Amino acid sequence: MIKSVDKALRLLEILSQSKTPMRLRDIAAASELTRSNAFRMLQTLRDLGYVEQVGDGSQYDLTLKVFEIGARKVASNTLVSSAHPVLQRLSERVSENVMLSVREGLTSVVVDRIESRAFVRTFAHLGARAPLHAVSGGKVLLAWAPEEIIEAMSAKLTGFTEHTITEPDRLMDEIAKIRTQGYATAFHEINEAARGVSVPIRSRLGDVAAALSISGPMEDLNDAMIEHFVTELKAHAAQVEQAWPGTGQPSVPLPSNA
C-alpha cells in the first residue's frame with residue numbers, strides 16, 4: 001500500500017462524513033496524522049481541486065470534484081440507467097424510499113434511489129453504505145454471494161441495534177430463509193428507525209447483480225403490506241432485468257484484507 005495515497009483518501013473520507021467544514025486540528029485528530037502532515041496532504045488535495053479552504057481559510061471542505069467523478073461512474077453504469085425509469089414507476093406505487101443497491105466487498109452501496117414522498121421518512125443518500133448483514137438489500141446481495149463472501153461476513157457481524165444479526169448461525173438461518181422465500185427484510189437492524197424489504201435483480205447469466213428495495217419507517221408494516229411490497233418489487237425487478245443488457249455482476253470483488 002502506498003501510504004501517501006492511503007492518507008489522502010482517508011482525509012477525503014473524513015471530510016465527506018462531516019456535515020460542516022472542518023478545522024485542521026480536527027482533521028488531524030480524526031485521521032491520526034500530525035498537523036503538519038495533514039496540512040501538507042490538504043494543500044496537495046486543494047491544488048488538485050478536491051478540497052477548498054473556506055471562511056477565513058482555517059477550515060476545509062470537499063469540492064464537487066469527487067461528486068463529479070462518482071456521477072460519471074454512475075452515468076456509465078448500464079444497470080443504473082436501465083433501472084432508473086423502473087424505480088420511478090415503483091415510487092409512484094409506494095410511499096416509501098425506493099433504492100437500487102450493489103455489493104462492494106462486504107458492503108451494500110446505494111447506486112440509485114427515489115426519495116419517499118411521506119412526511120415521516122428515513123434518508124438513504126446516493127452512495128450510502130451499510131454492512132451486508134444489517135440492511136435488507138445487503139442481505140439479498142449476501143444470500144446469493146460467493147461462499148467466501150458469506151464466510152468473511154460471518155466473521156464481521158457488527159451489531160448496530162439489539163435487532164442486528166451478530167451470530168453466524170443466525171446469519172446462516174437468515175440466508176437460507178431468504179433463498180427459500182426469494183426476498184429479504186430488515187427491521188430496526190441498521191438503526192432503530194429503518195425497515196426494509198428487498199428482492200434480487202439478476203443478470204442475463206442468472207447471478208444476483210443488485211437488490212431492489214423499499215425502505216422507510218413503515219410503522220404500520222404488517223404481513224399483508226410485506227406481501228404487497230414483495231409483489232411490487234418482484235414485478236419491477238423483472239422489468240429491470242428485461243431492460244438491462246447486463247451479462248455480469250457489477251460489484252467489486254472482496255478485498256484481500258476484508
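Where is the place of Thr185? The place of Thr185 is in strand S7. The legends below take that site and several others in turn.

**Notes for every view.** This is a predicted model, in which local features need pLDDT of at least 70, side-chain atom pairs count only at pLDDT 80 or more, and totals for chains, interfaces and linings use all residues. Residues are numbered from 1 along each chain as its sequence is written, and side-chain values use heavy atoms, with hydrogens and water left out.

**View 1. The whole chain.** The chain has nine helices and nine strands. Helices (H or I, at least four residues) and strands (E, at least two) are DSSP runs, numbered from the N terminus. Of its 258 residues, 45% count as buried. Buried means under 20% relative accessible area, exposed means over 50%, and partly exposed lies in between (1.4 Å probe, protein chains only). The accessible surface comes to about 13600 Å², with 53% of it belonging to carbon and sulfur atoms. Accessible areas come from the Shrake-Rupley method with a 1.4 Å probe; for residues, only the protein chains shown count as cover. Among contacts between residues at least 6 apart in sequence, 57% join residues at least 24 apart. Contact means heavy atoms within 4.5 Å.

View 2. Thr185 counts as buried, at 15% relative accessibility. Neighbours within four places in sequence are left aside here. Thr185 is then in contact with Ser136, Lys139, Glu174, Gly196, Val197 and Ile226. Two of these names, Lys139 and Glu174, return in the next view.

**View 3. The network around Lys139.** Lys139, Glu174 and Glu189 are linked in a network of salt bridges. A salt bridge is a side-chain nitrogen of Lys or Arg within 4 Å of a carboxyl oxygen of Asp or Glu. In the pair of Glu174 and Lys139, the closest N and O atoms are 3.0 Å apart. This pair links distant parts of the chain, with Glu174 in helix H8 (residues 168-181) and Lys139 in helix H6 (residues 136-143), 35 residues apart. Both Glu174 and Lys139 are buried. In the pair of Glu189 and Lys139, the closest N and O atoms are 2.9 Å apart. Here too distant parts are linked: Glu189 lies in the loop between strand S7 (184-187) and strand S8 (195-202), 50 residues from Lys139 in helix H6. Glu189 is buried, as is Lys139.

**View 4. Arg93 and Glu232.** The structure holds six salt bridges. One of them joins the side chains of Arg93 and Glu232 (2.8 Å, N to O). Arg93 lies in the loop between helix H5 (78-91) and strand S4 (97-104) and Glu232 in helix H9 (residues 223-243), so the pair ties together parts that are 139 residues apart in sequence. Buried or exposed: which is Arg93? Arg93 counts as exposed, at 51% relative accessibility. Glu232 is buried, with a relative accessible area of 8%.

**View 5. Arg195 in strand S8.** Arg195 is found in strand S8. Arg195 is buried, with a relative accessible area of 18%. Its side chain makes a polar contact with the side chain of His188 (3.3 Å). A polar contact is a pair of N or O atoms within 3.5 Å; within protein, one must be able to donate a hydrogen and the other to accept it, and residues adjacent in sequence count only if both atoms are side-chain atoms. Not counting residues up to four places away in sequence, Arg195 touches several others, among them Ala186, Phe187, Ile214, Pro217, Met218 and Leu221.

**View 6. Strand S3 and its partners.** Strand S3 (residues 59-62) has a covered face, Tyr60 and Leu62, and an uncovered one, Gln59 and Asp61. Two strands pair if DSSP finds at least two bridges between them. Strand S1 (residues 22-23) pairs with S3 in the antiparallel sense over two bridges. Met22 stands opposite Tyr60. Strand S2 (residues 51-54) also runs antiparallel to S3, joined by four bridges. Glu52 stands opposite Asp61. S2 and S3 form a hairpin with four residues between them, and Gly55 in the turn has a positive phi of about 65°.

**View 7. A nonpolar patch on the surface.** Ile2, Val5 and Leu9 form this patch, with about 280 Å² of accessible area together. Patches are made of residues with over 30% relative accessible area and no salt bridge; like charges are joined within 9 Å, nonpolar side chains (Val, Leu, Ile, Met, Phe, Trp, Tyr) within 5 Å. Ile2 lies in the segment before helix H1 (3-17). Ile2 is exposed, with a relative accessible area of 58%.
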